[in-house]
Amino acid sequence: MKTTTALSKVTRREFLATTASGGAALVIGFYLPLDALAQQQVKRIENPNPFNAWVRIDKAGQVTLIVAKSEMGQGVYGTLPMILAEELEVDWARVRIEQAPTDPRIYSHGTGGSSSVRESYAPLRRAGATAREMLIAAAAQTWGVPAKECRAEKGAVWHGQRSLPYGELVEKAAQLPLPDPNQVPLKEPAKFRIIGTSIPRADVPLKVDGSAKFGLDVKVPGMLYAVVARCPTFGGQPKSFNAAKAKAVPGVKDVVQIPAVADVHSAGGVAVVAESTWAAMQGREALEVEWDYGPHAAESSESLWKQCQDLAAKPGKSVRSEGDVDAALGKSAKKIEADYQVPFVAHATMEPMNCTVHVRPDGAEVWAPTQAPQWAQGAVAQVAGVEPSKVVVHTTFMGGGFGRRYQGDYPVEAAQVSKAVGKPVKLVWTREDDMQHDFYRPASFHRFQGTLDAEGKPAVWQHRIVSTAINSLWSPKDPPEQSEVAGAADLPYAFANLRIEYAPVPSGVPVAWWRSVESSQNALAVECFMDEMAAAAGVDPLEFRLRLLAEPRKVKNPVDAEAPPLDTERLKGVLKLAAEKAGWGSPLPKGRGRGIAAHYSFQTYVAEVAEVTVEGGKLRVDRVVAAVDCGTVINPEALHAQVESAIVYGLSAALYGEITIEKGGVKQSNFHEYDLMRIDAMPKVEVYTVRSTERPTGIGEPGLPPATPAVLNAIFAATGKRLRRLPIRAEDLA
């Protein structure tokens with residue numbers, strides 16, 4: 001992929017005006033591509049600044065990378081400096097990250113979609129190489145020698161045995177013309193000395209010694225605390241309330257009603273404001289509220305699945321059609337049919353949702369663990385009645401995000417309360433609040449029909465998907481299938497007759513982006529039914545997949561013309577690597593089984609082999625072997641951590657995750673009803689990567705989708721039982 005980069009040398013006056021930096025320095029501005037939501041935010045800004053990231057090298061030789069990316073445990077504070085340091089020829093430890101301020105004239109914030117490294121790689125390299133060449137030119141002028149006789153190394157420019165550290169060159173370098181960033185030489189990958197090495201994460205020591213500041217750690221002088229009573233049904237609102245008993249609780253200062261806000265789909269409710277979180281919680285317990293339960297009070301999981309089945313019984317909107325499925329179905333020698341059911345699941349972040357906001361007459365200040373500071377800024381500005389430029393957002397560390405902290409509902413609620421009481425307010429959601437008022441992974445239903453011809457070869461693949469579409473809530477003007485069929489519509493396996501259809505099912509349950517988004521449920525359905533096809537054909541599941549990947553092809557995403565196509569050879573590569581490392585085909589004891597699955601998401605290819613033991617109706621996942629092709633690996637240890645965490649997160653949902661809807665609300669309330677994988681259940685995880693010099697692709701999410709189908713296929717191998725609904729239940733194993 002050809003990438004061009006625009007850079008700008010920034011004057012000290014400009015930099016002072018935008019970053020509050022002082023002192024002589026070489027400062028270069030450049031642009032990092034944005035994820036989809038951040039791009040939408042930029043479109044609303046008149047004359048946005050063309051540069052949204054900056055490199056500053058000061059006279060002490062300190063290199064500062066100023067970016068609008070949030071650190072939520074994915075390690076971006078380590079990997080981005082590594083990329084810059086590689087081309088700049090400095091020790092990576094000399095590069096520190098500074099969180100960009102939320103100035104909508106300059107920055108656009110947004111961290112999601114496994115995009116941070118994928119989108120930053122080329123611009124960061126260009127920026128580092130440009131700064132390096134300017135420093136070399138400055139040193140060459142100082143010595144009166146040709147620049148080509150100089151080299152950069154370890155934060156200095158060298159000519160023979162003499163050297164000048166970068167810090168002594170920045171003033172002169174800053175006076176030089178900016179070279180064309182697309183013409184500066186980049187290092188050959190074979191000469192990388194930082195990229196590709198496992199470097200400890202910069203944020204870990206802070207989290208170990210407790211000095212890292214998460215949202216819940218924020219304290220502001222004069223701050224009050226608040227919790228909100230929300231209607232137990234989705235779409236419900238307070239009809240009336242009596243605050244007398246709540247106000248009688250010691251420490252309670254006020255009780256205020258906050259309305260729902262459509263832009264961020266906040267629920268609204270009644271906030272209890274107090275001198276401490278505990279007092280606010282006790283006040284909420286005492287609060288008397290009469291609810292209008294709204295239009296969705298009768299919704300239940302049972303009614304939802306019934307609607308899904310009805311919709312799946314008839315054709316949906318075709319999103320991909322090849323060959324003549326109807327004719328081929330009539331000629332089939334063997335037909336295979338199956339339904340798969342994937343429930344709503346919650347994000348269940350370990351740090352409860354929280355936000356601190358101080359709304360003043362002339363603006364507002366926000367302290368938030370957020371993946372989307374700029375969205376929070378705009379939403380709070382709307383509540384405060386000021387321009388977004390009057391709202392400052394301090395982005396803190398996050399105790400997990402997984403897509404939940406991309407939302408603007410919790411900053412809006414905090415702003416509403418702060419505005420009402422005229423003081424800074426820390427709003428805290430309890431675990432129960434979060435579990436019962438999340439934006440859930442959509443519930444989805446999958447109906448398959450597949451056939452084999454008289455020779456046992458696959459002939460038909462028909463997949464009907466029904467789900468509670470994310471677009472129906474967040475982008476109702478866009479086709480609902482655009483948010484629901486990735487990982488299914490770009491099926492890589494070659495079928496002469498193929499049809500994929502989609503239908504949205506109406507629901508009052510709020511849904512949004514959960515780690516790996518629709519790939520989590522679509523990979524499960526596709527890779528499990530692929531196993532069913534293989535079993536019906538009497539062919540080894542790995543061999544069956546390799547045959548259907550056929551000749552090298554590029555498969556386009558039919559609902560996203562701009563998405564890079566899937567390369568079947570790279571998918572084959574990870575399948576073979578995972579199988580080899582897992583000892584695919586070697587015998588296992590009775591009661592143990594091995595399953596395989598592969599998936600392409602966020603431009604990354606992952607295959608996983610799971611080994612399980614099923615004894616007495618109990619399941620244990622013993623081992624997961626993952627093979628990853630994500631192009632150039634920046635930090636292998638960080639990559640392994642991302643894949644391991646994705647597997648844990650995916651298996652937690654597979655083994656325990658189900659949000660059940662009863663009477664229009666969520667049945668589960670806390671971890672005793674919505675468990676997560678514990679350390680004693682954790683399988684052995686092995687991660688292997690394909691050696692590659694391709695550009696890096698996403699890694700935060702792609703490790704998740706293959707995990708669950710690999711386990712379900714392993715259960716079949718161990719027991720002969722096909723499990724077609726989640727979570728995995730003991731009765732289904734018996």
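The views all come from a predicted model.

**View A. The largest cavity, with strand 25 as its main contributor.** We're looking at about 70 Å³ of space, in a structure that holds 7 cavities of 30 Å³ or more. Around this largest cavity sit G487, D490, P492, V526, E527, L566, L571, A598, H599 and Y600. Helix 15 (518-537) and strand 25 (592-601) are the elements that each give two or more residues to that lining, and strand 25 gives the most, with 3. Sorted by class, the lining comes out as 6 nonpolar, 2 polar and 2 charged residues.

**View B. The second largest cavity, where helix 18 takes the largest share of the lining.** Here the space is about 60 Å³. Its lining is made up of R441, W514, S520, L524, G650, A653, A654, L704, T708 and L726. Two or more residues each come from helix 15 and helix 18 (636-656), with helix 18 supplying 3. The class tally for this lining is 6 nonpolar, 3 polar and 1 charged.

**View C. Strands 17 and 18, a parallel pair.** Strand 17 (residues 363-368) is joined to strand 18 by 5 bridges, and E365 stands opposite V392 of strand 18. To get from strand 17 to strand 18, the chain goes through helix 11 (residues 373-384), making a right-handed β-α-β crossover.

Note on methods
Residues numbered from 1 in each chain as written. Predicted model: local features only at pLDDT ≥ 70, side-chain atom pairs only at ≥ 80, totals over all residues. Heavy atoms only, no water. Pairing = 2+ DSSP bridges. Helix = DSSP H or I, 4+ residues; strand = E, 2+ residues; numbered from the N terminus. Right-handed = clockwise from strand over helix to strand, strands pointing away. 1 Å grid on protein atoms, 1.4 Å probe; cavity = no way out; pocket = protein on both sides within 12 Å on 5 of 7 lines; lining within 4 Å. Points joined across faces, edges and corners; volume = space filled by probe spheres on them. Nonpolar A, V, L, I, M, F, W, Y, C, P; charged D, E, K, R; others polar.
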